[in-house]
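I opened a notebook page for this structure. My entries follow in the order in which I looked things up.

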Amino acid sequence: MKEANYYITTPIYYVNDQPHIGHAYTTLACDVLARFKRLDGYNVLFATGTDEHGQKIQKSAQLSGLAPQDFTDKVSETFRELASVMNFSYDDFIRTTENRHVEACQFLWKKLEKNNQIYLGSYSGWYAIRDEAFYNDNEIKTLSNGQKIAPTGAEVHWVEEPSYFFRLSEWKDRLLKFYDENPNFLAPESRRNEVISFVKNGLQDLSVSRTSFTWGIQIPQDSKHVMYVWLDALTNYLTVAGYPNLSSPKFQQFWPADLHMVGKDIIRFHAVFWPAFLMAADLLPPKRVFAHGWWTNEGQKISKSLGNTINPLDLVQKFGVDQVRYFLLREVPFGQDGDFAVKSLIQRNNSDLANDFGNLVQRVSTMIYRECSKQIPQPETLQDQDLLIIKSATQLYSLLKKEYDQQAFHKGLEQTWNVVSQINRYIDEQAPWNLKKVNKKRMETVLYTAAEAIRQIAILTQPIMPKSCNLILDQLGCKQNERTFKYLEISLKIGQNINNPIGIFPRI
Ligand code: MSP
C-alpha cells in the first residue's frame, strides 16, 4: 500500500520583527495538523522558517548596526525559541539565506527563463517596503501630509529601475480554470471569491527582480539583479521538499504540498502568484491554501508603533503552554478575526480546562486510585448508558478528522467538549461515590467506563495540548507507544496500575 504523506507549511517569518502572537498562531495551527496526521499514521513533513532577504530586512539590519547576515542569524534564532516554547513539532526550519535555498531559487529562475516566462524590461511604479509589494496608481491614497500609502496602510515610494518581469498576464485563464477545477484549493470561501474576482479583473506582468539594493539572491547570469523577495520566499516550500531534485524520494513523496497555512494578508501571493510561478515551471500547485484571520489586542489593531504587540513567551510563562494553545484555537472560529483579551483566556481556562476537563479527570482518577486499589477496575458487562459514553468518545475520531481537514479547530474542540460534558453528566447521575457503599461492582464499571472515554479523548486531544494530554495518559498508565489513533479501539488494560493523580489544569 502506498504510504500516506502529508506536507504542511507555515509562512516563513520576516526577521525584521520579534515573534508575536500572530506568528505563534499560524504555526500553532500547522503544529496541530502535523501532530494529528502523525498520530493518524501519516508520514508528515512540517516546515517553518524565516524570510531573510529583501529591502525591508536590509533596512532593519542597517538600523540595528549589524551586517545583514549577522542580523538575520540573530533574529532567526528568536523564531526557533518561539517554536520551542510553544512546543511546535516542526520537521524542518528553513532560512532563505541557506545554500540549498539559493540553489533552488536559481534553478527555478532558469527553468522559468527556459520556458520563456521571464523577460527583461524596466519597472516604474509604487513600491511598499513594509509589504514588499508593488501597487498600481489607482490603489494609492495621498494623506494630508503628502505621504502616499497603499490600501494596507504601508507607505509607498516611487521606484524606477531595470527589472525582469514574469509573464503573469498570460496566466489569467489558466488560473481561473485551476480554481474552478479545484474548489478546495482556497479557503475560507469568502477569500476564494475575493481571489477569483481579483484574477477576473485581469493580471499584469510582475516585476521579479530589483537592482536598487543587493540583499537578495542573485539572478543567474545577471549579477546586477537580485530576485524579488516574494519569488525567493515562496520558493522555500519547494526547497524544503528537496527541489530541484525532482526525482528524489522526498520530492516525490511531498510535492505538491498538502497545505500552505497563511494569514489573510498574504493570500494574493500564495493563491495567485505562487500557482502561476509553479505552473509556469511545469510544477503542480499546492493542494490547498487556508487563510486565517487576524488577532487584535483588546479591540485594537496590533502594531509595533502602538506598542501593543502580544508576546507569546510572556503568555506561556504566565498561563502555561497548553492553556495558550487551547485558547487560541478554541476562542475564535478559525478563518475569522478575533480579539485577544486576557480576561477571556482566564475564563476559558477556568471553565473548559479546570472545571470541565480537569475536574472530570481528577475525580475519576482519584476514585480509581483510592477505591480500586490504584488499578484500572474490571467492569461488569457494560450497560447501554456505559456503551453510549464510550461510543461518543470513539465517534470523535471521525468527527475531528473531518473538522481538522477543513481547518475548523473550534468545531473540533466544541465537539470534544460536548463529550466531556456528557461524561461529567454521566458521573453526576451514576454518583460512584454513592455506589461505593451499595454496589461496588457497579461503581467499578462506571469508573472504568469514564476512564476509558477519558483515555480516548486524551489521545485525540494531544495535538492541541500535547503536554497535558500526555500527563493524563501517564496517569492512566497508558503506554507511551499506545497513544496513536491506531490504539483508540484497544481499551484500557484491566488491572493496570495508575499513578497518584495530580491536578493537570489548575484554575488561574
Ligand atoms: N515573510 C512573509 C511570508 C512569506 S511566506 C512565503 C510574511 N511574514 S510576516 O512575518 O510578516 O507574517 C507572517 C504571518 O504572520 C502571516 O501569515 C500573517 O498573517 C501573520 N500575522 C501577523 N500579524 C498577525 C496578527 N495580528 N494576527 C494573526 N496573524 C498575523 O508575511
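**Entry 1: methionine 227.** I began with the contacts of one side chain. Leaving out residues up to four places away in sequence, I found methionine 227 touching Cys105, Gln106, Trp109, Val208, Ser209, Ile217, Ile219 and Asp232. I am working with a predicted model, and I keep that in mind for every entry. I placed methionine 227 in strand β14, which covers residues 222–227. Is methionine 227 buried or exposed? Its relative accessibility is 2%, and buried means under 20%, so I noted methionine 227 as buried. I then took one partner from the contact list, Ile217. Isoleucine 217 is 10 residues from methionine 227 in sequence, and their C-alpha atoms are 5.4 Å apart in space.

**Entry 2: the whole chain.** I stepped back to the overall build. I counted 18 helices and 19 strands in the chain. The C-alpha trace spans about 90 × 55 × 40 Å along its principal axes. Does the radius of gyration agree or disagree with that of a compact globule? For 508 residues such a globule would have a radius near 23 Å, and the chain has 26 Å, which agrees. Buried residues make up 58% of the 508. Of the contacts between residues at least 6 apart in sequence, 76% join residues at least 24 apart.

**Entry 3: helix α1.** I followed α1 over residues 21–39, a run of 19 residues. From first C-alpha to last it reaches 26 Å, close to the 27 Å expected at 1.5 Å a residue. How many of its residues are buried? I found 17 of the 19 buried, and noted α1 as mostly covered. Just after α1 comes glycine 41, with a positive phi of about 95°.

**Entry 4: backbone exceptions.** I kept a general rule beside me here: most residues other than glycine have a negative phi, and most peptide bonds are trans. Which residues did I note with a positive phi without being glycine? One is asparagine 116, with phi near 55°. Asparagine 116 lies in the loop between α4 (99–114) and β5 (118–128), and at 48% relative accessible area it is partly exposed. Another is glutamate 132, with phi of about 50°. Glutamate 132 sits in the loop between β5 and β6 (133–135), and at 0% relative accessible area it is buried.

I then turned to cis peptide bonds. One joins alanine 187 and proline 188, with omega about -5°. Proline 188 is in the loop between β10 and α6 (189–200). Another cis bond joins tryptophan 255 and proline 256, with omega about 0°. Proline 256 is in the loop between α9 (249–254) and β15 (259–263).

**Entry 5: asparagine 184.** I ended with a loop residue. Asparagine 184 is found between α5 (172–181) and β10 (186–187). What does asparagine 184 contact, leaving aside neighbours within four places in sequence? I found Lys287 and Arg288. I also looked up its separation from valine 420, which is 236 residues away along the chain: the two C-alpha atoms are separated by 32 Å.

Technical notes: Residues numbered from 1 in each chain as written. Predicted model: local features only at pLDDT ≥ 70, side-chain atom pairs only at ≥ 80, totals over all residues. Heavy atoms only, no water. Helix = DSSP H or I, 4+ residues; strand = E, 2+ residues; numbered from the N terminus. Rg over C-alpha atoms; globule rule 2.2 N^0.38 Å. Buried < 20%, exposed > 50% of the residue type's maximum accessible area, 1.4 Å probe, protein only. Contact = heavy atoms within 4.5 Å. Expected span 1.5 Å × (residues − 1).
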